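Please look over the sequence and the structure first, and then follow the sections below.

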Amino acid sequence: ILHEAVHGVCFWAFSRQKPRFGWKSAYAYAASDAYYGKVPYLIIGLAPVVLWGVVLAVLAAVLPVRWYSIVQLIQLINLSGAAGDLYVTWLLCRMPKDILIQDAGVAMQIFAPAAR
C-alpha cells in the first residue's frame with residue numbers, strides 16, 4: 001500500500017490530478033487519467049522502489065541487529081512488488097523519447113507520434 005501511495009503522490013506531482021487507488025485480485029494499484037511524458041513516467045515508476053529502498057537500507061543500518069532480518073524481508077517484498085515497475089521501465093527505455101503514457105492501474109496505453 002505504501003508503494004502504491006508513492007506512485008499516487010508522483011502521479012499528482014506531475015499532473016495535479018487526483019490519482020485513483022484500487023485492489024485487483026492479488027495486488028494493489030495506483031492509476032491516473034493523465035498523460036505523462038517518458039521521463040516523468042520513469043520517475044513515477046521507479047520512485048517507490050528507490051524511496052523505500054533507501055529508507056529500508058537506512059533502517060537496516062541504524063536499527064538494532066535483531067531487526068535486520070525483518071527490515072530485509074520488507075526490502076525483499078518491496079523489490080518483488082516492483083518487478084512490474086522494473087519491467088515496464090525496461091520496456092519504456094527502449095521506446096522513443098516523445099511517447100506519452102496513460103496508466104489505468106491494471107492496464108497502460110502508450111502513445112507515440114506517427115512515423116514520418
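Strand 2, which covers residues 27–31, is largely enclosed by the rest of the structure, because four of its five residues are buried. Although Tyr27 and Val106 are 79 residues apart in sequence, their C-alpha atoms are 9.7 Å apart in space.

## The model as a whole

The model is predicted, and the protein chain has an average pLDDT of 94, with 98% of the residues scoring at least 70. Among the elements of the chain, the lowest mean pLDDT, 91, belongs to strand 2, while the highest, 98, belongs to strand 3 (residues 36–37).

The secondary structure of the protein chain consists of four helices and five strands, and these follow one another along the sequence in the pattern α-β-β-β-α-α-α-β-β. Taken along the principal axes, the C-alpha atoms fill a box of roughly 60 × 25 × 25 Å. The chain has 116 residues, of which 33% count as buried.

## Helix 1 and the residue after it

Helix 1, made up of the 14 residues 2–15, reaches 20 Å from its first C-alpha to its last, which is close to the 20 Å expected at 1.5 Å a residue. Its buried residues are His3, Glu4, Val6, His7, Gly8, Cys10, Phe11 and Ser15. As background to such a list, an α-helix has 3.6 residues a turn, so residues three or four places apart point the same way.

Helix 1 is followed by Arg16, a residue in the loop between helix 1 and strand 1. Most residues other than glycine have a negative phi. Arg16, however, has a positive phi of about 60 degrees although it is not a glycine, and at 55% relative accessibility it counts as exposed.

Strand 1 (residues 20–24) and strand 2 run antiparallel and are joined by five bridges. Within this pairing, Trp23 has Ala28 of strand 2 as its bridge partner, and Lys24 stands opposite Tyr27. Ser25, placed in the loop between strand 1 and strand 2, has a positive phi of about 40 degrees although it is not a glycine. This serine is exposed, with a relative accessible area of 66%.

## The salt bridge

The structure holds one salt bridge, formed by Arg20 and Asp33, whose closest N and O atoms are 2.9 Å apart. The pair links distant parts of the chain, for Arg20 is in strand 1 and Asp33 is in the loop between strand 2 and strand 3, 13 residues apart. Arg20 has a relative accessibility of 36% and counts as partly exposed.

Strands of a sheet pair through backbone hydrogen bonds, either parallel or antiparallel. In this model an open sheet of three strands has the order 3-4-5, and its pairing is antiparallel. Strand 3 and strand 5 (108–111) are the edge strands, each of them pairing on one side only.

Four bridges connect strand 4 (residues 100–103) with strand 5 in the antiparallel sense. At one point in this pairing, Ile101 has Ile110 of strand 5 as its bridge partner.

## A nonpolar patch on the surface

A nonpolar patch on the surface is formed by Val50, Leu51, Val54, Val55, Val58, Leu59, Val62, Leu63, Trp67, Ile70 and Ile74, which together have about 890 Å² of accessible area. Which helix gives the most to the nonpolar patch? Helix 2 does, with seven residues, and Val54 is found in that helix. Helix 2 (38–62) and helix 3 (68–81) each supply at least two residues of the patch.

Key. Residues are numbered from 1 along each chain as its sequence is written. This is a predicted model: local features need pLDDT of at least 70, side-chain atom pairs count only at pLDDT 80 or more; totals for chains, interfaces and linings use all residues. Side-chain values use heavy atoms; hydrogens and water are left out. Buried means under 20% relative accessible area, exposed over 50%, partly exposed in between (1.4 Å probe, protein chains only). Two strands pair if DSSP finds at least two bridges between them. pLDDT is the predictor's confidence in each residue, from 0 to 100. Patches are made of residues with over 30% relative accessible area and no salt bridge: like charges are joined within 9 Å, nonpolar side chains (Val, Leu, Ile, Met, Phe, Trp, Tyr) within 5 Å. Accessible areas come from the Shrake-Rupley method with a 1.4 Å probe; for residues, only the protein chains shown count as cover. A salt bridge is a side-chain nitrogen of Lys or Arg within 4 Å of a carboxyl oxygen of Asp or Glu. The expected span of a helix is 1.5 Å times one less than its number of residues.
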